[in-house]
Amino acid sequence: MSKQELHGPMLTRAVAADAAVQDATTRRIRVSFASEDMLVLRSSWFDEPWLERLGLSPEEVDLSFLNGGTAPVLWGHDQFERDNNIGVVERAWVEGGRGYADIRLSMRDDVGDIMQDITDAILSNISTGYQIQERTLVKQNEVGPSEYRVTRWMPLEISLVSIPADATVGVGRSTEASTNFLVTDLPNQL
């Protein structure tokens with residue numbers, strides 16, 4: 001098994017929300033933000049395309065930032081416009097191969113319409129922005145991209161999105177995200 005350390009930009013991945021409004025008055029919502037079930041095609045300027053599966057065991061995913069009390073809930077991964085910072089992650093955990101989070105949306109008037117669309121099941125797609133620190137080769141393919149399991153990663157934000165990149169499987173990547181990585185082979189560990 002070959003492991004590689006990665007240094008690169010934040011990536012995004014979208015899933016159907018599986019959202020449950022916990023308390024409409026305080027705008028608290030429970031969402032699923034990641035799953036081990038899906039493979040996502042990634043590409044880079046510095047490496048061949050690869051198929052990515054996010055690992056969700058406790059030693060693979062670092063939820064410390066999401067659980068730090070300041071991780072943002074964004075509209076469409078837009079971290080630069082204040083109006084698109086629409087909430088905060090209150091708590092994140094892993095259960096049954098899925099990442100879950102309790103989020104709280106802002107009480108601002110302009111976020112009320114978003115909350116109503118979530119309540120009405122009109123807005124139901126979630127995406128997460130994350131950084132990969134390590135991936136492990138799972139399957140070397142002679143033709144086409146090889147499969148890697150992301151064995152160390154950190155989610156940095158949760159976004160509400162209108163259209164995921166691949167609506168047919170509910171998982172995708174941001175079409176605007178830079179995917180330039182510096183990839184370093186790590187020594188084999190026995």
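Helices are DSSP runs of H or I with at least four residues, and strands are runs of E with at least two, both numbered from the N terminus. All views are taken from a predicted model.

**View 1. Helix α1 and the residues that follow the helix.** Helix α1 comprises residues 109-119, and its buried residues are V111, G112, I114, M115 and I118. These residues lie on the same side of α1, because they cover an arc of only 165 degrees around the axis. On the other side of α1, D109 and D113 are exposed. The elements covering the buried residues of α1 include β3, β4, β8, β9 (98-105) and β11. Just after α1, A121 adopts a positive phi of about 60 degrees. Most residues other than glycine have a negative phi.

View 2. A71 occupies the loop between β6 (50-54) and β7 (72-75). Is A71 buried or exposed? With a relative accessible area of 0%, A71 is buried, since buried means under 20%. Leaving aside residues up to four places away in sequence, A71 touches F65, L66, G87, V88, V89 and L156. A71 and E157 are separated by 86 residues in sequence, yet their C-alpha atoms are 5.7 Å apart in space.

**View 3. The pairing of strand β7.** Strand β7 pairs with β8 in the antiparallel sense, over 3 bridges. In this pairing, L74 stands opposite N85 of β8. With β11, strand β7 pairs in the parallel sense, again over 3 bridges. There, W75 stands opposite L160 of β11.

View 4. H77 lies in the loop between β7 and β8 (85-95). Its phi is near 65 degrees, a positive value in a residue other than glycine. The relative accessibility of H77 is 15%, so H77 counts as buried under the 20% limit. The side chains of H77 and E157 are joined by a polar contact of 2.4 Å. H77 and S127, 50 residues apart in sequence, have C-alpha atoms 8.0 Å apart in space.

**View 5. R27 in the loop between β3 and β4.** R27 is located in the loop that runs between β3 (20-23) and β4 (28-35). R27 counts as buried because its relative accessible area, 12%, is under 20%.

**View 6. Polar contacts of S32.** S32 belongs to strand β4. At a relative accessibility of 0%, S32 is buried. Which side chain makes a polar contact with the side chain of S32? The partner is the side chain of R98, at 2.8 Å. A polar atom of the S32 side chain also lies 3.5 Å from the backbone oxygen of G99.

**View 7. The aromatic pairs.** A pair of aromatic rings is described by the distance of the centres and the angle of the planes. Y130 and W153 form an edge-to-face pair, with 5.3 Å from centre to centre and 75 degrees between the planes. The latter pair links distant parts of the chain, as Y130 is in strand β10 (residues 125-139) and W153 is in strand β11 (residues 146-161), 23 residues apart. Y130 and W153 are both buried.

**View 8. Arginines over tryptophan rings.** The charged end of R91 sits over the ring of W93, at 3.8 Å from the ring centre. R135 lies over the face of W50, where the distance to the ring centre is 4.4 Å.

Technical notes: Residues are numbered from 1 along each chain as its sequence is written. This is a predicted model: local features need pLDDT of at least 70, side-chain atom pairs count only at pLDDT 80 or more; totals for chains, interfaces and linings use all residues. Side-chain values use heavy atoms; hydrogens and water are left out. Buried means under 20% relative accessible area, exposed over 50%, partly exposed in between (1.4 Å probe, protein chains only). Contact means heavy atoms within 4.5 Å. Rings of Phe, Tyr and Trp (its six-membered ring) pair if their centres lie within 6.5 Å; planes under 30 degrees apart count as stacked, over 60 as edge-to-face and the rest as tilted. A charge sits over a ring if NZ of Lys or CZ of Arg is within 6 Å of the ring centre and within 35 degrees of the ring normal. Two strands pair if DSSP finds at least two bridges between them. The arc is that of the directions from the helix axis to the C-beta atoms. A polar contact is a pair of N or O atoms within 3.5 Å; within protein, one must be able to donate a hydrogen and the other to accept it, and residues adjacent in sequence count only if both atoms are side-chain atoms.
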